[in-house]
Amino acid sequence: MVRARTVLPSGSSARLNGICPYFTMFPLEFPYSVLSGRARPGDWVLDPFCGRGTTLFAARLLGLPALGVDSSPVAAAASEAKLVNVSPDSVVGTARRVLEEVQVPRDVPEGEFWELAYHPEVLRDLCRLREGLLMNCESDERKALRAILLGALHGPRPKHGDSYLSNQSPRTYAPKPGYAVRFWKARGLRPRPVDVIGLIATRADRYYAGCPPRVPGVVAMSDSRDPGVFERLARLGRVRWVVTSPPYYGLRTYLQDQWLRLWLLGGRPSVDYTVRGQLEHRSPDAFTEDLGRVWRNAAAVCMGGARLIVRFGAINDRRVNPLPLIEGSFRDTGWRVWKVCHAASAERGRRQALHFGRGNRRALEELDIWASLDA
Ligand SMILES: C[S@@+](CC[C@H](N)C(=O)[O-])C[C@H]1O[C@@H](n2cnc3c(N)ncnc32)[C@H](O)[C@@H]1O
């Protein structure tokens with residue numbers, strides 16, 4: 001067994017998990033407590049809906065190799081940064097080099113939103129960094145820098161100091177441009193100049209000083225319904241633990257809610273309303289069928305006796321009972337459900353609902369479902 005205790009390590013080693021906030025992320029305690037004391041050294045861990053990489057980071061804290069898949073480019077970039085090994089100084093040095101490489105950005109978005117969202121010099125530096133990282137984001141340092149920028153791109157503005165690059169904004173999701181402009185104008189909020197390199201240095205130190213040793217791992221930006229991606233991952237190792245949380249039925253705004261971060265990753269400078277790569281939410285049956293495809297793909301890369309632990313719930317916008325949905329999704333997949341418990345009781349009140357960017361309004365009951373693959 002790797003570890004008997006389920007208390008998260010304190011101090012700097014767990015900070016990296018916070019590098020980029022993500023809408024509907026689950027608390028680190030969930031995957032950590034599932035794996036801690038149960039997983040054996042060398043057990044591979046998989047999250048087929050990895051989001052910002054919470055499960056991958058829990059695996060890293062426990063020294064376990066990890067695989068993640070997510071169809072959102074933001075999720076994949078944040079997850080990749082959970083697996084890299086860098087020093088804070090090397091990330092800052094990389095940021096300076098990228099700024100030297102791109103002296104004059106070719107592409108600076110224009111319009112009222114951009115004028116009010118970022119101070120002109122901050123926007124210029126952001127565009128230089130964006131272009132440099134789009135040309136080359138191969139090294140660990142560049143992946144860490146990209147995730148630091150994603151995390152710092154928008155968020156609340158404290159009275160003193162600078163924590164984020166933007167004017168006052170939410171941090172887990174990007175505001176819609178029209179709403180944001182009205183909000184800033186009504187309050188007379190102008191964007192402040194921010195020391196971009198200084199902010200990168202603070203964040204690099206916070207997230208990468210004292211980071212746990214690296215573990216083998218790969219993140220694939222891909223649709224988990226596609227068996228091909230799992231075939232490629234299977235070459236690395238047979239998986240023993242799948243710890244994940246699929247989108248709750250009806251929640252398919254992952255791309256539009258992250259439109260600013262998607263822009264930083266090369267997307268267009270406006271809201272992206274497409275739902276490409278997201279599970280089907282047009283009916284409970286279509287959703288269950290799609291989810292079943294993912295469980296079958298996961299089973300194909302797992303060893304006999306593997307465990308799959310899923311956190312699943314419902315959102316207020318679509319009042320459906322999550323239990324029959326999730327149970328139905330396991331039909332004919334090879335996985336046998338043997339335990340269902342309330343997430344609240346499993347974690348003494350630390351529910352994923354508490355981490356929803358828009359408060360508790362959108363998430364209802366959450367369940368933890370335990371299933372195993374016959375040996
Ligand atoms: C509930 S979130 C996962 C959050 C994650 N547990 C964390 O802590 O950050 C669900 C994720 O599933 C992803 N997703 C939705 N449909 C997908 C699909 N077909 N293939 C891969 N990922 C998908 C979304 O992009 C989103 O990141």
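Which polar backbone atom is 3.0 Å from an oxygen atom of the ligand? Select the ligand and Phe26 to find out: the polar backbone atom belongs to Phe26, and the distance to the ligand oxygen is 3.0 Å. Keep in mind throughout that this is a predicted model.

A backbone N or O atom of Arg52 lies 2.9 Å from an oxygen atom of the ligand. Next, select Ser71, where a backbone N or O atom lies 3.2 Å from a ligand nitrogen atom. The site itself is the largest cavity, and the ligand sits in it.

Now select the whole shell. It consists of 24 residues, and the closest are Tyr22, Arg52, Thr54, Asp70 and Gly277. Colour the shell by class, and 10 residues come up as nonpolar, 10 as polar and four as charged.

One to display is the pair Glu112 and Lys185, whose side chains meet at 2.4 Å, N to O. Show the helices as well: Glu112 belongs to helix α5 (residues 112–117) and Lys185 to helix α8 (residues 177–186). The two residues are 73 residues apart, and the pair links distant parts of the chain.

Notes
Residues numbered from 1 in each chain as written. Predicted model: local features only at pLDDT ≥ 70, side-chain atom pairs only at ≥ 80, totals over all residues. Heavy atoms only, no water. Near = heavy atom within 4 Å. Polar contact = N/O pair within 3.5 Å; in protein donor to acceptor, adjacent residues only side chain to side chain. 1 Å grid on protein atoms, 1.4 Å probe; cavity = no way out; pocket = protein on both sides within 12 Å on 5 of 7 lines; lining within 4 Å. Sits in = over half its atoms within 2 Å of the grid points. Nonpolar A, V, L, I, M, F, W, Y, C, P; charged D, E, K, R; others polar. Salt bridge = Lys/Arg side-chain N within 4 Å of Asp/Glu carboxyl O. Helix = DSSP H or I, 4+ residues; strand = E, 2+ residues; numbered from the N terminus.
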